[in-house]
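Trainee: I am new to this structure and would like to go through the terms used for it. Please set each value against its rule.

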Number of protein chains: 2
Amino acid sequence: MGFWKSLFLGSESAASPKGLPSRGYLADLPNADENSRIIFSTDRDLDLYELEELCDAVGWARRPIRKVKKAIQHSFVVVTMWEERGARRRLIGFSRATSDHAFNATIWDVVVHPDFQGKGLGKALMKQLIKTLRNADISNVTLFADPHVVEFYRNLGFMPDPEGIKGMFWYPD
Amino acid sequence: MGFWKSLFLGSESAASPKGLPSRGYLADLPNADENSRIIFSTDRDLDLYELEELCDAVGWARRPIRKVKKAIQHSFVVVTMWEERGARRRLIGFSRATSDHAFNATIWDVVVHPDFQGKGLGKALMKQLIKTLRNADISNVTLFADPHVVEFYRNLGFMPDPEGIKGMFWYPD
């Protein structure tokens, strides 16, 4: 985990796959404000309007809340990232993965608030997600990367088109 | 559906998403033996040893039955293809997809027995799977194609790397 020393110290594991902790904090964030800390959670009971605000902040097209709720319910893992400042908590990152719970997982909807980009937090968020998937014994972790984030994922160990395998999307005729 | 006239005439919908029929037959198979017919099913209660035999026939690496069972249970859709000859039924094709039940699906483990390849049955199997996903209101249907099947999927309407989106796989450092 590089300079990230301490992860997942809390433990509220009910909703997490394989008894992983659903909440934990990340200590020793470089350049961190002394009055704030960054927290990760796998609890999927989050305010969907706060998530919509986060997605708005990075310019994503709006999606019906009802469908977002369903997608979160049926994701295998959800990892969120929060800035905690005293009693206040702000959602600053989100990611999720679908899976067959056995072999494969596919990562969707990775987002970090622009105010918190460029600090290594996207990387930390992804590492949490990958760690959670690996702890659940998923060996094939996949995603579909937009061109401008291919390098970001490559730096995390993701390979584009390994052995010529092509990501493909279906469009109606 | 091209020359495939008739699909999903049966109806045992309990386990299917959105009330789709879980079993149906495909009539008017060209060059079909008069004594046999090809059947599709979305019933996931299948003999896993028969599935293993099918995967052996195309040379796939063996996987633990326990994990295959779990993967099937946690797939969003499973579509199987059978040759029915009198009271005998033989598994000749398999496919499944994971999904968040709202936006995205990813197709895995598409296989057609070598004895039944080159007859358009792989295409018919995929069309059943896509139709099932579309009926469940999934708009983003994805897959990862080995190089030798990219053209097969392209002919079905799948686009490789649309708008530069890259399929990526994670490997441990």
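Mentor: Start with the contact, which takes 49 residues from chain B and 49 residues from chain A. This is a predicted model.

Trainee: What makes a residue part of that contact?

Mentor: Contact means heavy atoms within 4.5 Å. By that rule, 49 residues of chain B and 49 residues of chain A take part.

Trainee: How much area do chain B and chain A bury between them?

Mentor: About 4,700 Å², with 60% of it on carbon and sulfur atoms. In chain B, the residues that lose the most area to chain A are Phe103(B), Met168(B) and Trp170(B), together 19% of what that side buries.

Trainee: Why is the pair Arg96(A) and Asp100(B) called a salt bridge?

Mentor: The rule asks for a side-chain nitrogen of Lys or Arg within 4 Å of a carboxyl oxygen of Asp or Glu. The side chains of Arg96(A) and Asp100(B) meet at 2.9 Å, N to O, so the pair meets that cut-off. Across the interface of chain B and chain A, the rule finds six salt bridges.

Trainee: Which element gives the largest share of the side of chain B that touches chain A?

Mentor: That is β6(B), with six residues. The residues of this side divide into 24 nonpolar, 12 polar and 13 charged.

Trainee: What makes β8 of chain A and β6(B) a strand pair?

Mentor: Pairing needs at least two bridges. Five bridges join strand β8 (residues 166-170) of chain A to β6(B), so the two count as paired. They run antiparallel, and Gly167(A) stands opposite Phe144(B).

Trainee: What does the salt bridge of Arg90(A) with Asp115(A) tie together?

Mentor: Its closest N and O atoms are 3.2 Å apart. Arg90(A) lies in strand β4 and Asp115(A) in the loop between β5 and α3 of chain A, so the pair ties together parts that are 25 residues apart in sequence.

Key. Residues numbered from 1 in each chain as written. Chains lettered and ligands numbered in written order. Predicted model: local features only at pLDDT ≥ 70, side-chain atom pairs only at ≥ 80, totals over all residues. Heavy atoms only, no water. Buried area = accessible area lost by both parts, 1.4 Å probe. Helix = DSSP H or I, 4+ residues; strand = E, 2+ residues; numbered from the N terminus. Nonpolar A, V, L, I, M, F, W, Y, C, P; charged D, E, K, R; others polar.
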